[in-house]
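Colleague: I would like to learn how to read a model like this one. Let us take it feature by feature.

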Amino acid sequence: MKSLPILAPVVACLLIVLTYLLLQGAAPDAARHERTLDALRTVILYNAALQRDVLRARAGLLRSYDPLVRSIENLNEATQTLPAARDVASGEARADIERRIAEVIAAVRDEETLVEAFKSDNALLQNSLNYFNYMSGRLTTEGDGLRAVEIGALMIAMSRFISDPRPEAARAVTASLDRLAKPSVDAVAASDVLSLVSHGRLIVTRLPAVDDLVSRLQTAPTSERARALQDLYLDVHGRAAARAARFQTLLYVAALVLVGYVAYLFARLRHNARILRERLEFEGLIASISTQFINLPRDRIRAGISKGLARLVEHAGLDGAQIFVSHTYDADLSGGYFYRRPSGRSTARLPNDLIDLASRWTLADHERQGCIDAPRVGELPEGREKACLQAHQIRSWLCIPMWHAGERLGFLALDGVTHEKHWTDDDIALLRTAAEIFANAIARQQNEREREALQARLNQSQQRLEAIGTLAGGIAHEFNNILSAVLGYSEMALVVLLKESRARRYVQQIMKAGRRAQDATEQILAFSRRRERQHHALRVQPVLAEAVDLLRASFPATLSVETHLAAADAAMTGDPTELQQVVMNLGTNAAQAMNSRGVLEIALDMTEIVEAQALSHGNLPAGRYIRLAVRDTGSGMDQATLERIFEPFFTTKPAGHGTGLGLSTVHGIVAAHRGAVDVKSQLGQGTTFNIYFPQIEPASAQADEGEGEATEVPVEYGNGETILVVDDDTPLMQLAEEMLAALGYEPVGFNRSPAALNAFSADPGRFDLVLTDEVMPDMTGVELSGKLHEIRSDLPIVLMTGYGRTLRSRQLTAAGISEVIKKPLLSASVAQCLARHLHSG
């Protein structure tokens, strides 16, 4: 395709030249040439015949003028063919031939005019001569002696005049005619004499004119002009034929050259076809090597690379191939890969001096496409490159760098020991592709090894987190049981204490502390993933203030936390626990960046974005936002690290000092809240995380955040209904009994599930409702509820739980559980729950 712009004009010029030679090499038309010569010969022949017939007609030997007419017709027909003679010439020669043809045609037309005049004049002359001869002979025989003598004299004079019509002879004939024209006695004879005199006078008058016409016809230049035209035509025709012969010779030579060039093209085509076939085979080999690594297990990648090297060596007819993987990339693979033909003398491994040579190659003249190409080592200039290669008996060497993700992984070296090898640019390009395939396979092997290690660390971390979560859940459960007693008895104490008493105020403070402890328990349950998270409207400042308090408690004294929580009314839709997790993760990450020494700033404000903005990690549409800023004075990050900080498992910490999940968790939480993150950092100048959350109206967030006093909640009392209470914690079971009794119910308590089941089985109709704990040693609350439900399906069952884990609705329905309430229990919530299911006033 590259040679097409040059080939097209060359082919066009070649066609023009061949067409020119073909046209110029065309010989004159032989048939036209013969017709032209025949026409010229006809002109010459019939002109001679015309002159002959004119003389015969003058002598009176022709009976008619038909020969003269035929000669003129043949001459005219021949002259009509003569214009074809000009086609044999061009230029001045053509003009000269046309002029000569015009002269011949003009001469023939002049002769035709003379012949017409000759025919009329000669007819009168011959008629007069015949009459004169006839009458003079008759009058001589019949006339008298004197008249006969005069007529005889006239005949003699006329005979002399006819043979030589000179003026003297004409005067002698005229004198004789004058004498005979004198009057005579014989009237009859006189009349004949007068006729004889008239014809005699006519002969004297016409004979010179006819002889002049005959003379002009005899001297007509038609034959000479025809011969001159014939000579010119033959000369021009000969030159044209010779010129055509020369061009035919050139055309023949051009045809031979063209045939030779076509043969050369055919040979080149076969050569190119062979090269193309070899290239296709090479490309097929590279493609086959590439496909063999698809879905290849990691433990078989090394064998696959060795097999690929073997196929390259066998296909190219080399002696050996080696891959050296730099130890800076992977120390486990620093030995590299190699293949050696059994008959070759190549080294078994790529020596270190050759590796160093490839890394520090200085001969720029022997580099192609970024590769080291030394097809003839013996022709290298003297130096360490040539000495090193010859020391290993290498006669031909090609070394291709292997790159992966912008980093040089190593080298692919192909050497010829028994013979030299010349690589084309296409071959080197394909070998670079093969090197890239091997590099990707080695990188995948390393990545899978690292992924397995990371997976093992992740599994270990997950197991640790699960163990911590289980422990946290257990602690929260026990803590909830303690809080149940604290809050329950405090609530009951408030009922009996006077409103203005000091003891009542003390108990109210106990209730406040208990509620804060309950919130802390909720956070522990959230950490252990034992409660379902739901986004709802909340005020951000109290949530962040609590998270900051937790951070301060966990940081050493060398690290201070400064807060600027200006947006007191800022409200958003979200999960408070997840929002606290964002602050905790960012704060912990900042503390590690500062090595637990420095200042951590946490700011909260509101901002309005007028136009959409592109942040470092997300796009921010126009609107009103809550901005959470976390700044540290740590070491900062470069641009490459900044682009990857939110990738899962990415960490800059040493092995065993981080999972790389903290910031990815932050990014996930922010994305779930329809927010965006903007990170700014410079090496040595710290890092700032700006988190944007969509803002809502403060009126939408009606969170109960006060530390107010215990309010009087309207309580609905029972009518003596019997309640079955089951809880493995005896104090809590007793507290529930007292609480239910105070609410007007008749409680029946059990601290073991089997005992409760036996009591219910003995008299199912005795109980109006069951209040059971979930976590119990002998039988869980769900299991107990299921058995009770089987005995009496219409029995309302309320499940108490301190774990906060979410139970499936299908599981609750199958066990007959009507409602789930959380510990710690308060009188108002218990009373409302029982009233809903017992329909009491």
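Colleague: How many aromatic pairs does the structure hold?

Modeller: A ground rule comes before the count. This is a predicted model, so local features need pLDDT of at least 70 and side-chain atom pairs count only at pLDDT 80 or more, while totals for chains, interfaces and linings use all residues. Residues are numbered from 1 along each chain as its sequence is written, and side-chain values use heavy atoms, with hydrogens and water left out. Now the general idea: rings of Phe, Tyr and Trp (its six-membered ring) pair if their centres lie within 6.5 Å; planes under 30 degrees apart count as stacked, over 60 as edge-to-face and the rest as tilted. The structure holds 6 such pairs. One of them is Tyr625 with Tyr692, which is edge-to-face, at 6.4 Å centre to centre and 90° between the planes.

Colleague: Which strands hold Tyr625 and Tyr692?

Modeller: Helices (H or I, at least four residues) and strands (E, at least two) are DSSP runs, numbered from the N terminus. Tyr625 sits in strand E13 (residues 623-632) and Tyr692 in strand E15 (residues 687-694). They are 67 residues apart, so the pair links distant parts of the chain.

Colleague: Is Tyr625 buried or exposed?

Modeller: Buried means under 20% relative accessible area, exposed over 50%, partly exposed in between (1.4 Å probe, protein chains only). Tyr625 is buried at 6%. Tyr692 is buried too, at 7%. Another pair, Phe760 and Phe767, is stacked: 5.8 Å centre to centre, 25° between the planes. Phe760 is buried with a relative accessible area of 0%, and Phe767 counts as buried at 0%.

Colleague: Which residue lies over the face of Trp423?

Modeller: A charge sits over a ring if NZ of Lys or CZ of Arg is within 6 Å of the ring centre and within 35 degrees of the ring normal. Here Lys421 lies over the face of Trp423, at 5.0 Å from the ring centre.

Colleague: What pairs with E19?

Modeller: Two strands pair if DSSP finds at least two bridges between them. Strand E18 (residues 769-773) pairs with E19 in the parallel sense over 4 bridges; there, Leu771 has Val798 as its bridge partner. Strand E20 (residues 819-822) also pairs with E19 in the parallel sense, over 4 bridges. In E20, Ile821 is the bridge partner of Met800.

Colleague: What unit do E18, helix H20 and E19 make?

Modeller: A crossover is right-handed if, with the strands pointing away from the viewer, the path from the first strand over the helix to the second runs clockwise. E18, H20 (residues 781-791) and E19 make a right-handed β-α-β unit.

Colleague: What is the strand order in the open sheet of 6 strands?

Modeller: The order is E2-E1-E6-E5-E4-E3, with antiparallel pairing. Strands E2 (337-340) and E3 (367-368) stand at the edges with a single partner strand each, so one side of each lacks a neighbour in the sheet. Strand E1 (residues 320-325) runs antiparallel to strand E6 (residues 407-416), joined by 6 bridges. Ile323 has Leu412 as its bridge partner in E6.
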